[in-house]
Amino acid sequence: MPRTLRNTKIIMLRELTGYFGSPVAYVFIVIFLMLIGFFTFSVSHFYEAGQADMRSHFEWYPWLFLFLIPSVAMRLWADEKRVGTIELIMTLPISLTEVILGKFLAAWIFIAIAQLFTFPLVLSTMYLGDPDYGMIFCAYVGSFLMGGAYLSVGSMTSAITRSQVVSFILAVVACLFLVLSGWPPVTEALVGWAPNWLINLVSSFSFMTHYQSIQRGVLDLRDIFYYLSFIFFMLYTNGVILLIRRS
Amino acid sequence: MIEIKNLTKYFGLKQAVNDISFEVKKGEVLGFLGPNAAGKSTTMRMITGFIPPTSGTAIIGGSDITKSPINALEKIGYLPENAPVYPEMTVRSFLEFCAEIRGFSGATKIKKIDETIEKCFLKDVTYQPASTLSKGFKQRVCFAQSILHDPEYLVLDEPTDGLDPNQKHEVRTMIREMGINKAIILSTHILEEVDAVCTRAIIIANGHIVANDTPDQLRARSGLHGAVRLVLLNANVETAQNHINTIPGTKEIEIIENKNDRLTLRIYPESVTVPLANKVLNCATENGFQIETIHTEQGRLDEVFRMITEIGEARSRLDRIVTPKSSS
């Protein structure tokens with residue numbers, strides 16, 4: 001196995017066992033499921049809508065992720081700095097890329113595990129009607145990719161500070177902007193003084209625009225590329241911040 | 001060999017380490033001494049690549065830490081200050097993680113871990129999460145991590161910090177044994193440690209090297225070095241002083257204590273090359289003094305340390321006055 005892959009895997013497994021070795025993982029999964037259940041059933045009326053699709057479930061992801069993912073991401077680097085283990089990990093014979101990727105992938109897999117626990121909803125939909133499986137699959141892929149994007153922002157903000165609270169707040173604000181940047185009130189604030197290309201650029205950066213098309217069942221390569229390049233850019237920034245902040 | 005070449009570090013405008021150069025060969029245990037905030041940890045962090053130097057570099061077994069850090073780090077075992085350990089991991093899983101990163105797998109991995117656990121006396125806490133361990137155990141777990149892969153070079157930042165006297169003794173014995181075929185740098189502010197394990201000591205103050213010598217040579221810089229300490233029973237102070245003053249080569253007599261019929265004197269020689277003890281002994285027996293103890297002082301490291309670091313501080317204050325522009 002190539003060295004980079006091996007090291008990334010070792011870091012990732014260490015992180016994942018770290019999640020499940022502390023109460024954080026269980027608290028997160030339970031709260032995530034309770035909230036998503038509450039919104040799906042009590043607010044969006046999953047049963048009463050009488051439709052065999054899961055739109056009432058997936059439409060809540062951008063908002064839930066907005067708070068829940070920064071709470072997972074905030075410890076990624078801030079905690080290493082607080083405990084001092086960052087000095088240990090940065091002086092092991094591994095590259096920074098391997099550490100960043102390993103930590104990120106572990107958190108991403110963890111969120112995917114939490115998402116997998118929503119499977120009873122798929123079963124219910126299957127039992128009650130004849131859903132479009134392609135659409136459900138797309139929505140899962142889309143929300144997973146969007147989760148990764150949220151996570152990369154949180155990982156980056158976590159590298160800035162040793163305080164988890166500061167990291168959390170920064171990540172929520174940054175993600176809120178990215179969710180809302182396609183929203184009319186935000187774009188309208190730009191109309192009149194900003195050039196058109198800037199307005200288009202800002203709104204095309206929105207998580208929402210890209211999520212909605214995937215959620216509708218359209219798995220466009222451009223949307224996938226958007227999320228992956230966004231994650232790459234954020235993790236790259238994450239690395240730059242770590243290099244600058246270590247001295 | 002570890003070669004430190006002109007290492008310099010600024011934090012903003014503040015100079016933490018100023019143009020430090022030295023070498024550590026295999027078979028040497030180098031003690032890195034200095035008052036708090038002298039730049040010890042900063043230097044060690046630069047040697048291990050945790051913080052980048054402003055200028056200069058460290059070459060570890062031929063690999064430049066700033067140019068090929070991974071090659072250099074493979075040869076190093078590093079114990080950072082305060083011995084950080086992942087709190088949620090058990091001792092064993094932590095060591096497993098470190099062993100895997102160091103490239104061990106399968107039976108060799110298990111063997112390495114078992115050996116290290118044995119060596120570092122961690123058997124009783126193998127399956128305990130690090131967060132439940134006391135300071136001394138955490139220190140040993142992190143120390144275990146640094147020697148696990150049997151590295152050629154060891155960089156230890158305060159390795160005995162937080163250990164009880166027995167544990168300190170064990171760790172020092174271990175360092176001394178490993179020093180036979182490794183190059184070791186260890187920082188400390190405990191001077192007895194230098195005596196116990198180091199073959200050489202570097203003292204830094206305010207980012208400058210102010211001394212680089214063997215412990216014995218350093219001690220020889222003490223004003224006490226070569227002085228004779230003499231305890232007489234039932235002696236009269238003045239007669240004793242008068243007789244001793246007649247010994248050729250005596251510079252000064254200091255009366256340390258005079259009570260309960262016991263007179264303690266310290267006799268300073270004019271030059272350390274002339275042994276004084278024999279002459280004092282002859283003089284005392286000729287004049288019928290009752291000697292309780294007599295010995296020649298080696299000098300005290302703490303005294304030398306204080307003397308040297310205070311000079312170092314004064315010098316760097318002077319530097320700042322003389323060259324205020326160039327340092328900013």
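Into which domains is chain B divided? The legends below start from that point; the model is predicted.

**View 1. The domains of chain B.** Chain B is divided into domain 1, covering residues 2-220, and domain 2, covering residues 228-296. Taken over C-alpha atoms, the centres of domain 1 of chain B and domain 2 of chain B are separated by 45 Å.

**View 2. The contact of chain A with chain B.** Chain A contributes 19 residues to the contact, and chain B contributes 19 residues. On the side of chain A that touches chain B, the elements giving two or more residues are helix H1 (3-21) and helix H6 (85-90) of chain A. H1(A) gives the most to this side, with 5 residues. By residue type, the side of chain A that touches chain B divides into 7 nonpolar, 9 polar and 3 charged residues.

**View 3. The surroundings of Ile147(B).** Ile147(B) is placed in helix H5 of chain B, which spans residues 135-147. Is Ile147(B) buried or exposed? A residue is buried if 20 or more other C-beta atoms lie within 10 Å of its own. Ile147(B) counts as buried because it has 20 C-beta neighbours inside 10 Å.

**View 4. Residues brought together with Ile147(B).** Leaving out residues up to four places away in sequence, Ile147(B) touches Gly77(B) and Thr116(B). Tyr78(B) lies 69 residues from Ile147(B) along the chain, and the C-alpha atoms of Tyr78(B) and Ile147(B) are separated by 8.2 Å.

Conventions. Residues numbered from 1 in each chain as written. Chains lettered and ligands numbered in written order. Predicted model: local features only at pLDDT ≥ 70, side-chain atom pairs only at ≥ 80, totals over all residues. Contact = placed C-beta atoms within 7 Å. Helix = DSSP H or I, 4+ residues; strand = E, 2+ residues; numbered from the N terminus. Nonpolar A, V, L, I, M, F, W, Y, C, P; charged D, E, K, R; others polar. Buried ≥ 20, exposed ≤ 12 C-beta atoms within 10 Å, placed from the backbone. Domains from an automatic or database assignment.
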